[in-house]
Amino acid sequence: MTTSDYYAHPSAIIDPGAKIGQGTKIWHFCHIGPEAVIEERCSLGQNVYVGKAKIGNRVKIQNNVSVYDEVEIEDDVFCGPSMVFTNVYNPRATISRKDEYRKTLVKKGATIGANATIICGVELGEYCFIGAGAVVNRDVKPYALMVGVPARQAGWMSSFGEKLPLPAAGDGLAVCPHTQTLYRLKSGNLKMMQSKK
């Protein structure tokens, strides 16, 4: 299906009521629910499902990802192949818990690696980086690099996606080698300061 605003492969199912922004591309075997909101210039790979969720601008969702109800993804987020969102903390097949969905918020610029799992009810900070296969069960700080099961912080990442030579906590300064952007670590929190260019 081609519209003036977005492209959807003929095998994709777009339910009436879904809101899809200009320039978005929806590929093979996707299903977009009636209450989905997808902003501009996004890319949804093969076999992606979007329920009652909100997806910002320029988001890339790779193959085999389901974005369930109560998930919100801000601009410029990358969701790797087969990563998993949840929306019920303690599911049982015989008990309906649709009134217990927990909101998950993925902030601007975050990366979620392939096969990572995000337990519902957490917030992933701006430009954080979740390593492949990690299981995140608590909030993640902006720019934090998280790896393992359960996920633990293993350092800091620049907005460009380079690991910064800084301790996991404490104080310090670092420069991204690609952008020359200066970052300051203070009291366990990282902030972008300025570009050296």
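Rings of Phe, Tyr and Trp, the last taken by its six-membered ring, are treated as a pair if their centres lie within 6.5 Å. In the structure examined here, which is a predicted model, four aromatic pairs are found on this basis. One of them joins Tyr127 to Tyr143 in a stacked arrangement, with 5.7 Å from centre to centre and 15 degrees between the planes. Because Tyr127 lies in the loop between strand E18 (123-124) and strand E19 (129-130), while Tyr143 lies in the loop between strand E20 (135-136) and strand E21 (144-147), this pair ties together parts that are 16 residues apart in sequence. Tyr143 also forms an aromatic pair with Tyr183, and here the geometry is edge-to-face, the centres being 5.5 Å apart and the planes 75 degrees apart. This second pair links distant parts of the chain, since Tyr143 belongs to the loop between E20 and E21 and Tyr183 to strand E25 (residues 181-186), 40 residues apart. Through these ring pairs, Tyr127, Tyr143 and Tyr183 are linked into a cluster. Tyr143 and Tyr183 are both buried, and for Tyr143 the relative accessible area is 7%.

Strand pairing was examined next. An open sheet is formed by six strands in the order E3-E6-E9-E12-E15-E18, with parallel pairing. Its edges are strand E3 (19-20) and E18, each of which pairs on one side only. Within this sheet, strand E6 (residues 37-38) and strand E9 (residues 54-55) are paired in the parallel sense over two bridges, and Val37 has Lys54 in E9 as its bridge partner.

Antiparallel pairing is found between E21 and strand E22 (residues 152-157), which are joined by four bridges, with Arg152 in E22 as the bridge partner of Val147. E21 and E22 form a hairpin in which four residues lie between the strands, and Gly148 in the turn has a positive phi of about 95 degrees. E22 also pairs with strand E23 (residues 163-164), in the antiparallel sense and over two bridges, and Trp156 stands opposite Leu164 in E23. These two strands likewise form a hairpin, with five residues between them, and Gly161 in its turn has a positive phi of about 100 degrees.

Side chains of opposite charge can pair when their charged atoms come close. A search of the whole structure finds eight salt bridges. Among them is the contact of Lys52 with Glu35, in which the closest N and O atoms are 4.0 Å apart. The two residues come from distant parts of the chain, Lys52 from the loop between strand E8 (49-50) and E9 and Glu35 from the loop between strand E5 (31-32) and E6, 17 residues apart. Lys52 counts as partly exposed, at 42% relative accessibility. A further salt bridge joins the side chains of Glu74 and Lys107, at 3.7 Å from N to O. This pair, too, links distant parts of the chain, with Glu74 in the loop between strand E12 (71-73) and strand E13 (78-79) and Lys107 in the loop between strand E15 (104-106) and strand E16 (111-112), 33 residues apart. Lys107 counts as partly exposed, at 21% relative accessibility.

The side chains of Arg97 and Glu100 meet in a salt bridge as well, at 3.5 Å from N to O. Arg97 is buried, with a relative accessible area of 17%, whereas Glu100 counts as partly exposed at 39% relative accessibility. Finally, Arg58, Asp75, Asp76 and Lys108 are linked in a network of salt bridges.

Conventions
Residues numbered from 1 in each chain as written. Predicted model: local features only at pLDDT ≥ 70, side-chain atom pairs only at ≥ 80, totals over all residues. Heavy atoms only, no water. Phe/Tyr/Trp six-rings, centres within 6.5 Å; stacked < 30°, edge-to-face > 60°. Buried < 20%, exposed > 50% of the residue type's maximum accessible area, 1.4 Å probe, protein only. Pairing = 2+ DSSP bridges.
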